Amino acid sequence: MDKHFINGMTYFKSKFPDEETCRQHLVGRRWPTGVVTCPYCGQSVTAENLTGDLECPLCGKKFDVTSRTMYEGDIPLRKWYILQYMYILAETVPLDMVVAELELPAETSAKMCEKISSIVRELDF
């Protein structure tokens, strides 16, 4: 990849150095006013630690900031953030580069790429 891509990734990794930083960022994007709503029933939830696990007082379901988003699952949020930024920097990103960067199996990386690509296609207007 070119120097712009390499410099961009270096910058990104300095801004989002770990999982906790990514979770805090997502909290700010998902619940910008600090009012947390259960993603299952819509009930307001009071919590001090918004980056951890929460439980809805109404429906009783447990959730976190990634629940019912494309990030939900076992893949660390930072890996999703890295992949998204790779797509921002380059129109196409070779799968072997994604596998190397994310240190995930090719099948997992390909599924992540497809998920992001489908969202980008939906937004393309």
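How many disulfides does the structure hold? The structure holds zero disulfides. The points below set this result beside other features of the model, which is a predicted one.

1. **Overall architecture.** The protein chain contains five helices and four strands. Read from the N terminus, its elements follow the order α-α-β-β-β-β-α-α-α. Along the principal axes, the C-alpha atoms occupy a box of roughly 50 × 30 × 25 Å.

2. **Burial and contacts of the chain.** The protein chain has 125 residues, of which 37% count as buried. Among contacts between residues at least 6 apart in sequence, 52% join residues at least 24 apart.

3. **The cysteines.** A disulfide is a covalent bond between the sulfur atoms of two cysteines. For Cys38, the closest cysteine sulfur belongs to Cys59 and lies 3.7 Å away, which is too far for a bond. The cut-off for counting a disulfide here is a pair of cysteine sulfur atoms within 2.5 Å. Cys38 is buried, since its relative accessible area is 3%. Cys41 is likewise in no disulfide, and its nearest cysteine sulfur, that of Cys56, is 3.5 Å away. With a relative accessibility of 35%, Cys41 counts as partly exposed.

4. **Aromatic pairs, and the pair Phe16 and Tyr81.** Six aromatic pairs are present in the structure. A pair of aromatic rings is described by the distance of the centres and the angle of the planes. For Phe16 and Tyr81, the ring centres are 5.4 Å apart and the planes stand at 70°, so this pair is edge-to-face. The pair links distant parts of the chain: Phe16 is in the loop between α1 (3-15) and α2 (19-30), whereas Tyr81 is in helix α3, 65 residues apart. Phe16 counts as buried at 15% relative accessibility, and Tyr81 counts as buried at 7%.

5. **The pair Trp31 and Phe63.** Here the ring centres are 6.5 Å apart and the planes are at 75°, so the pair is edge-to-face. Trp31 lies in the loop between α2 and β1 (36-37), and Phe63 lies in strand β4 (residues 62-63), so the pair ties together parts that are 32 residues apart in sequence. Both Trp31 and Phe63 are buried.

6. **The aromatic cluster.** Which residues do ring pairs link into a cluster? They are Phe12, Phe16, Tyr71, Trp80, Tyr81 and Tyr85. Phe16 and Tyr81, described in point 4 as an edge-to-face pair, are among the members of this cluster.

7. **The largest pocket.** The volume of the largest pocket is about 260 Å³. Its lining consists of Met70, Gln84, Tyr87, Ile88, Glu91, Ile116, Ser117, Ile119, Val120 and Arg121. The elements that give two or more residues to this lining are α3 (77-89) and α5 (106-123). Which element gives the most to the lining? It is α5, with five residues. Sorted by class, the lining has six nonpolar, two polar and two charged residues.

8. **Glu91, a residue of the pocket lining.** Glu91, one of the residues lining the largest pocket, is found in the loop between α3 and α4. Is Glu91 buried or exposed? At 79% relative accessibility, Glu91 counts as exposed.

9. **Ile75 and its contacts.** Ile75 is situated in the loop between β4 and α3. Its relative accessibility of 22% means that Ile75 counts as partly exposed. Leaving aside residues up to four places away in sequence, Ile75 touches Trp80, Leu104, Thr108 and Met112. Trp80 also belongs to the aromatic cluster of point 6. The C-alpha atoms of Ile75 and Val36 are separated by 23 Å, and the two residues are 39 residues apart along the chain.

10. **Positive phi angles.** Arg68 is not a glycine, although it has a positive phi of about 60°. Arg68 is found in the loop between β4 and α3, and Ile75 is found in that loop too. Glu103, which is not a glycine either, has a positive phi of about 55°. Glu103 has its place in the loop between α4 (95-102) and α5. Its relative accessible area is 67%, so Glu103 is exposed.

Methods. Residues numbered from 1 in each chain as written. Predicted model: local features only at pLDDT ≥ 70, side-chain atom pairs only at ≥ 80, totals over all residues. Heavy atoms only, no water. 1 Å grid on protein atoms, 1.4 Å probe; cavity = no way out; pocket = protein on both sides within 12 Å on 5 of 7 lines; lining within 4 Å. Points joined across faces, edges and corners; volume = space filled by probe spheres on them. Nonpolar A, V, L, I, M, F, W, Y, C, P; charged D, E, K, R; others polar. Phe/Tyr/Trp six-rings, centres within 6.5 Å; stacked < 30°, edge-to-face > 60°. Buried < 20%, exposed > 50% of the residue type's maximum accessible area, 1.4 Å probe, protein only. Contact = heavy atoms within 4.5 Å.
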